[in-house]
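The sequence and the model are shown first, and the discussion follows.

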Amino acid sequence: MYRHKTLPKGVLTINYPNTNLVSIIIPAKNEGISVYNTLKSLYQSKTNICYEVIVVDDHSNDGCCDFIHADEQTTLIQTNGLGAAMARNIGARNAKGDILIFCDAHLFFQDFWIDRLIEPINKQICDAINPGISDVYNRKQIGYGYKWNERLEAKWNTDLTELSPVPLLAGGCLAVTKIAFEQVGGFEHGFKTWGHEDEELSLKLWLFGYSCYVEPDVIIMHVFREDEPPFPLSWEDIDYNFLRMAYLHFNEERLIKCLNFIKHTDSKKIKESVLSGDVLQQRKRYKQIRKYDDDWYMEKFQIPI
């Protein structure tokens, strides 16, 4: 078991046992006191797992990460507004662990959550996994990964009671082997700001032959915001990410449907923007190396599209 102590000036540190390393990656942008609360909860939760913490401050202007002083177990990386997907990728690029756990910067943890969450990975039951994610203000409201409806809108699974495969993992607390993460190329490098990065990664893992599960017996608590996000976000960026995901992985019939699903922006302009980049080259490469196609995926999880 580790020993926890709080140092002057708000610095948090931890001494670890000599076990296999897990890398906990926390992207943050204008999170206020939440970063401190998340790290405090993390360091105070008991575990038998040796872990490092990598905080990626993606150009915050509220000083939310100023209290962090790097040590042997904690790394602070400053990035220049890369967005949610790339901030996570930068964290992974600097990670030393064989298992990566991506965590939002507004979570609270229970004792031994790490140990229990990664157990199915260590037993080679799955390659990536979610805990149950509850609302910190309503702890009976728990989501167990996502599923897509007929319009490819991500909806929480709410009725899982045992370790189960799920079509989509939520990015708020997501563990994945570093090997699988690197083999699929990590979070999508072409995404903007925020939106659909966890869905695209989950889809990609399944198509490449990996598996995504949820462990309902492990619960972490998440602060769900009711107001606007603490950083500029537009529907253009969200729809761009959605359509880029579709072009990367879906057949022509589904592509047409996805264009019709875009309601908040001009779908033609979003399409032009997506096609002006490298998406078609990436699409071709994925088709050559993936194990399954999108028809297999939709049938497996009974997604009606």
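## Pockets and side-chain contacts

In this predicted model, the lining of the largest pocket draws at least two residues from each of β3 (21–28), β4, α2, β11, α5 and α6. Among the contributors, α6 gives the most, with four residues. The volume of this largest pocket is about 1500 Å³. Its lining comprises 50 residues, and those nearest the centre are Y146, W194, G195, H196 and E197. Sorted by class, the lining of the largest pocket contains 25 nonpolar, ten polar and 15 charged residues.

The second largest pocket has a volume of about 240 Å³. It is lined by 13 residues, of which N20, L21, D98, I99 and N122 are the closest to its centre. Two or more residues of this lining come from each of β3, α3 (113–122) and α4 (178–183). The largest share belongs to α3, which supplies three residues. The lining of the second largest pocket divides into seven nonpolar, four polar and two charged residues.

### Salt bridges

The model contains ten salt bridges.

| Residue | Partner | N to O distance |
|---|---|---|
| K96 | E52 | 3.9 Å |
| K123 | E119 | 2.9 Å |
| E200 | K204 | 3.2 Å |

The salt bridge between K96 and E52 joins distant parts of the chain, 44 residues apart: K96 is in the loop between α2 (84–93) and β6 (99–103), while E52 is in strand β4 (residues 50–58). E52, in contrast, counts as buried because its relative accessibility is 5%, under the cut-off of 20%.

In the salt bridge between K123 and E119, K123 is exposed, with a relative accessible area of 54%. E119 counts as partly exposed, at 35% relative accessibility.

### Aromatic pairs

The structure holds 14 aromatic pairs. In one of them, W156 and F224, the ring centres are 6.3 Å apart and the planes meet at 85 degrees, so the pair is edge-to-face. This pair links W156 in strand β11 (residues 154–156) with F224 in the loop between β14 (212–222) and α6 (235–249), 68 residues apart. W156 is partly exposed, with a relative accessible area of 29%, and F224 counts as partly exposed at 30% relative accessibility.

W206 and F301 form another edge-to-face pair, with 5.1 Å from centre to centre and 65 degrees between the planes. Because W206 lies in helix α5 and F301 in the segment after α10 (294–300), the pair ties together parts that are 95 residues apart in sequence. W206 is buried, with a relative accessible area of 6%, and F301 is buried as well, with 18%.

Which residues do ring pairs link into a cluster? The cluster consists of W148, W206, F250, Y292, W296, Y297 and F301.

### Charges over rings

The charged end of K300 sits over the ring of F301, 5.5 Å from its centre. F301 therefore takes part in this contact and in the edge-to-face pair with W206, and has a relative accessible area of 18%. A further contact of this kind involves R88, whose charged end sits over the ring of F187, 5.9 Å from the ring centre.

Definitions and conventions:
Residues are numbered from 1 along each chain as its sequence is written. This is a predicted model: local features need pLDDT of at least 70, side-chain atom pairs count only at pLDDT 80 or more; totals for chains, interfaces and linings use all residues. Side-chain values use heavy atoms; hydrogens and water are left out. A salt bridge is a side-chain nitrogen of Lys or Arg within 4 Å of a carboxyl oxygen of Asp or Glu. Buried means under 20% relative accessible area, exposed over 50%, partly exposed in between (1.4 Å probe, protein chains only). Rings of Phe, Tyr and Trp (its six-membered ring) pair if their centres lie within 6.5 Å; planes under 30 degrees apart count as stacked, over 60 as edge-to-face and the rest as tilted. A charge sits over a ring if NZ of Lys or CZ of Arg is within 6 Å of the ring centre and within 35 degrees of the ring normal. On a 1 Å grid over the protein atoms alone, a cavity is a set of points where a 1.4 Å probe fits but cannot get out, and a pocket is an open set with protein on both sides within 12 Å along at least five of seven lines; lining residues have an atom within 4 Å of a point. Grid points are joined across faces, edges and corners, and a volume is the space filled by probe spheres set on the points. Ala, Val, Leu, Ile, Met, Phe, Trp, Tyr, Cys and Pro count as nonpolar, Asp, Glu, Lys and Arg as charged, and the others, Gly among them, as polar.
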